[in-house]
Amino acid sequence: MEVQYAYQKKRSDFGRQCQFCLRGPEIIDDFPSNRKLYKDYILRDPVSRSTQCAPIQAEHNLNTMRAEYANASMNHVEGGWPKDVNITDEEQTKRYRRKIEKDEGFNHTMMQLFKNMENCILQNNAINIYQQYFSDIVQTPLVERSTARTVNVYQDQCTPSRPITHISWSPDNQTKLAVSHCNLVYQALVPRQTTFSYIWEVENPNRPLMTLKPEHSIVCLEYNQKDPHSLVSGQINGQVAVWDTRKGNEPVELSVIETSFRDPVHNVLWVHSKTGAEFFSASTDGQVKWWDIRKLSEPTETLILDYTKDEDQSLANAMGASCLEYESTIPTRFMVGTEQGVVISCNRKGKTALEKMPMRFTSHMGPVLALQRNPGFVKNFLTIGDWTAKIWSEDCRESSIMWTSFHKAMLTDGAWSPTRLSVFFTTRSDGTLDVWDILQQQKQACLSVKVCDEALKCLRTHDMGRLVAVGNQKGTIYLVEFSENLAASNKNDKALLTAMLERESRREKILEARNRELRLKQKSRHAGAGLEPETPADVAGAAIGDAASFYDGAVRQAEAEFYQKIAAEIEANKPKEVEELAVAESETMVELTGAVEESTPALVEPELDEKKKK
């Protein structure tokens, strides 16, 4: 069946009819060029034009269907046994199973269940791409090149700039740096010099988070590891101060000047205690004082670094403290580095001064600038002084077990890596930061970084091991990040380092025993020959004498030839006039002696004749 429908519309509804005809071009308007307007325009050269020939693509967003996952669990409990079957009787259960398996519908039912079970099993069939198939084989570590890069730079906000004297990391994930600025040059007159120190956010090097404004410059500044808002500082006038960042930029407590130090406070450290309110400090006037922040009017305890009896102690004979070391795992013991190059191992439990200072180590020719125990081996500690760094063991008092060669530039500071126990860092006065790994090489640093042109003054390592903050003479702090191989510890590193330190300690003990034996022989030889006993100066220099006894014939021969060459050079370089004068003087002396010999017999002979006559 065909369905049609006719639409009808009037002609008038279509509008006016279009009439088309042929017509030539027509000029509507004409704009001729005007040469006078040429001067009002600038000619563009070159002219860049672009044309988009490719089709323009439009970007559309489409939200697809999201797959929803659900976790489900199933608890399988054995059941479905008939009442007449005892589950605990193994014989009855076996008999019932055999009966069911012989049933005709058993195979058909199992085939239907297999499909569902197979589907459930395949859902758990996932591959662990991180699975270690060869766990019994030791992994070969990837050889990574040691690198370093400067992450941030923090500059002194005051002019003129002052040297960095101390750096401390905050305990709250170490996101902040407390930095002290102080000019320690004696009686240095610097115009318009401020006393400000700063607290920086690690991520914001443009502006300090807080400016500390003390009355006198801060020499050292240390965070409380139990409270990120509490700090303690030692000042250049000998006072110690307590700071609370929540209460402003001025100290909350300040010690009394009469009970404080006479010299600048070079180091302050918090003591591991239940209250978290105790700290101790040291100064170059030869004193170590313990304080409680709840009562800063007087110290709780004072130790004078004079190695004599209590009644004979005096500040005039005390050794000035240049650095402190404290390990929280052994809270009663601490170490002091002195300006005389001696490291004193102290015990706070001692009753007398000699019991509080049981061990001494003569470490350097000049002041001990840095002192720190190894975080994994507390018996071994690092010292920095003059031009070298040394590693000591508490079992060997006479000499260090390892040491670096003497550098051309003086070393200023050093610290162990907290994560890789065989790595330590040192700073030099030529602006170089050295990284030493004693398991890799001992003769030279495994990485040297030229941080700046000015002398580096101090450093502080981050607990994660990769970041090190170093400060220089101009008041600038550089945050240096090292590669992973200098911070991560390998599987066998601790065992290898233990074996190395024990071997070196054993070697030094053998040498010390040999030195003692030679000293006893020398004393017995002196006593047998009836010579005078050795003076204290001789006893103190026994090590030099013992060292001379180790010389062999080749060394002595080389020394003799060396001194002969020096004498020959001195004689050859003498001027001729001096030689002529020396010859003339010797001739006149010979003539005078001859004349005296001739005259004396003439005077004596007449006297003898007169005696004979009488």
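Student: In which sense do strand β3 and strand β4 pair, and over how many bridges?
Tutor: This is a predicted model. Strand β3 spans residues 176-181, and strand β4 spans residues 197-201. Their pairing is antiparallel, and the number of bridges is 4.

Student: Which residue in β4 stands opposite L177?
Tutor: Stay with the pairing of β3 and β4. Look across from L177 into β4. The residue there is W200.

Student: Which residue in β7 stands opposite L221?
Tutor: Go to the open sheet with the order β6-β7-β8-β9. Its edge strand β6 covers 218-224. Antiparallel to β6 runs strand β7 (residues 227-235), joined by 6 bridges. Opposite L221 stands S233.

Student: Where is W387 placed?
Tutor: Strand β19 covers 380-385, and β20 covers 388-393. W387 lies in the loop between β19 and β20.

Student: Why is W387 called partly exposed?
Tutor: Buried means under 20% relative accessible area, and exposed means over 50%. W387 falls in between, so it counts as partly exposed. Its relative accessible area is 35%.

Student: What accessible area do M365, W387, F406 and M410 have together?
Tutor: These four residues form a nonpolar patch on the surface. Together their accessible area is about 460 Å².

Notes
Residues numbered from 1 in each chain as written. Predicted model: local features only at pLDDT ≥ 70, side-chain atom pairs only at ≥ 80, totals over all residues. Heavy atoms only, no water. Patch = residues over 30% accessible without salt bridge, like charges linked within 9 Å, V, L, I, M, F, W, Y side chains within 5 Å. Areas by Shrake-Rupley, 256 points an atom, 1.4 Å probe, with all protein chains shown as cover. Salt bridge = Lys/Arg side-chain N within 4 Å of Asp/Glu carboxyl O. Helix = DSSP H or I, 4+ residues; strand = E, 2+ residues; numbered from the N terminus. Buried < 20%, exposed > 50% of the residue type's maximum accessible area, 1.4 Å probe, protein only. Pairing = 2+ DSSP bridges.
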